[in-house]
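Hello,

Here is the structure I promised to pass on.

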Amino acid sequence: LRRRDFTHKDYQRSARIEKVVSTFVFDPWVTPNKPSNIISTYQRSVHPCYVLKDEVSFYCLTEDEAWFVEAPEGVEVWKSCYSPFHKIAQLNYAVNVIRMPLESLYQLTEEMELNGEKVIVVDFLPRSGSTLFLQLFEETGQCVTYSECHYFNNSGHVVYPDDEERLRAVMKMYCKPRTTPTAAYVFKTVLVGSNLSPTLHRVLPEAKFVYIYRNAVPNAKSIDRISKSIPSARLLELICGIHPKIFWYLKRKQYEILKLPFTEKEFAIASKTKHLTEIMCYNWWLKSQWLYLERQKTGPPAPSLKYEDLINDPVKYTSAVFKYCGLSLDLLPKALTAIHKDSQRGSRLARENFATEGGLSVFEDENFLAIARELGAEIGFNVTEDFHLSNDILSWV
């Protein structure tokens, strides 16, 4: 990145406010934030500190610019009442875009620091209970939560020479001062792909990390079920029905992007069933557990939390999490109100949208389960029994 020295006048009016005309993405669940998602028209130039408003949220970085979106007055799009997922709420409520050169972003954030707020990162596999877990923090009224925000869940993340400096500036914008007192900023990030937890550990060594997981069978069933609501996953399933070879070619490419190994032996085992999309739901679960254990060898250290344990004894496990993260246990009563709510309320994944659906019988079929067990044995895990990882959160407090 070539930099130039801003004069005072350059910096003072280096942010551009543009009115949002329209937004569009083919698949809002997986498409990363990028300028082409938004059509906007120029309004005026302002001081970069405009983006410090509560209603303005960081959107994305390009090679030489920082993009933000502004919601209507009083709307903070990280709140689950607007959407369980941050980047979806950003587009749904965007009224303005604010653009500025990276030099302006760096200058704006140079003097910004956290003022005692905690930074907590929740690594997860989709459908493992992570959204509910995040909302335990939100319900305290003192934690800002980012559910799958763009910068932490962009599997196609472009790496620049100044990547750590970019992340440092982005973190300061995610954790910018608010008009309401804040005890912690909590991020939910998929473990696979361009996971930024190791880099963030270097940038913010005081940050706390937690990994949440779930038993294989309910996790795989749930992944398969929601895939039928996600355009890109439905397209892949359609391709599977047309020709398995094309399906496997695309899956191999996907695993390359997600930086997950997929051996010829695993390929041969998975190919024994005609239910290819379903067996790959199991494989995704297996690879996530493997990746978590591999990550613990190099860091950042992250205790594990099992969803079933959290549901069976929410007081004990939420208390352990809050102790580990350095949050007051006085926040516990408010936090636990999340247990009785639908964490996906207001989205197409809400319980009511699946209430009339029958069971997915293939996941109970013994022939299918035999192949799933064989695949699990090859990778090193039993997929059909009650499963516990080492490094449980209770041992950390």
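Below are my notes on helix packing, salt bridges and a surface patch.

This is a predicted model: local features need pLDDT of at least 70, side-chain atom pairs count only at pLDDT 80 or more, and totals for chains, interfaces and linings use all residues. Residues are numbered from 1 along each chain as its sequence is written, and side-chain values use heavy atoms, without hydrogens and water.

Start with helix H4 (residues 130-138). Nine of its nine residues are buried, so H4 is largely enclosed by the rest of the structure. (Buried means under 20% relative accessible area, exposed over 50%, partly exposed in between, with a 1.4 Å probe and protein chains only.) Among the buried residues are Phe 133 and Glu 138. H4 packs against helix H13 (residues 314-325) at about 65 degrees, with the axes 12 Å apart. That makes H4 roughly perpendicular to H13 (65 to 115 degrees counts as such).

Next, salt bridges. The count is 18, taking a side-chain nitrogen of Lys or Arg within 4 Å of a carboxyl oxygen of Asp or Glu. Arg 99 pairs with Glu 65, with the closest N and O atoms 3.0 Å apart. This pair links strand E5 (residues 96-101) to strand E4 (residues 65-70), 34 residues apart. Glu 65 is buried, at 17% relative accessibility. Asp 162 bridges to Arg 166 at 2.9 Å. Both Asp 162 and Arg 166 are buried. Shared partners join Arg 16, Glu 18, Glu 65 and Arg 99 into one network.

Last, the surface. Ile 242 lies in helix H8 (residues 231-242). Ile 242 is exposed, at 61% relative accessible area.

Best wishes

How values were computed:
Helices (H or I, at least four residues) and strands (E, at least two) are DSSP runs, numbered from the N terminus. Axes are lines fitted to C-alpha atoms, for helices over the stretch in contact, and angles run from 0 to 180 degrees between N-to-C directions. Angles under 35 degrees count as roughly parallel, over 145 as roughly antiparallel, 65 to 115 as roughly perpendicular and the rest as oblique.
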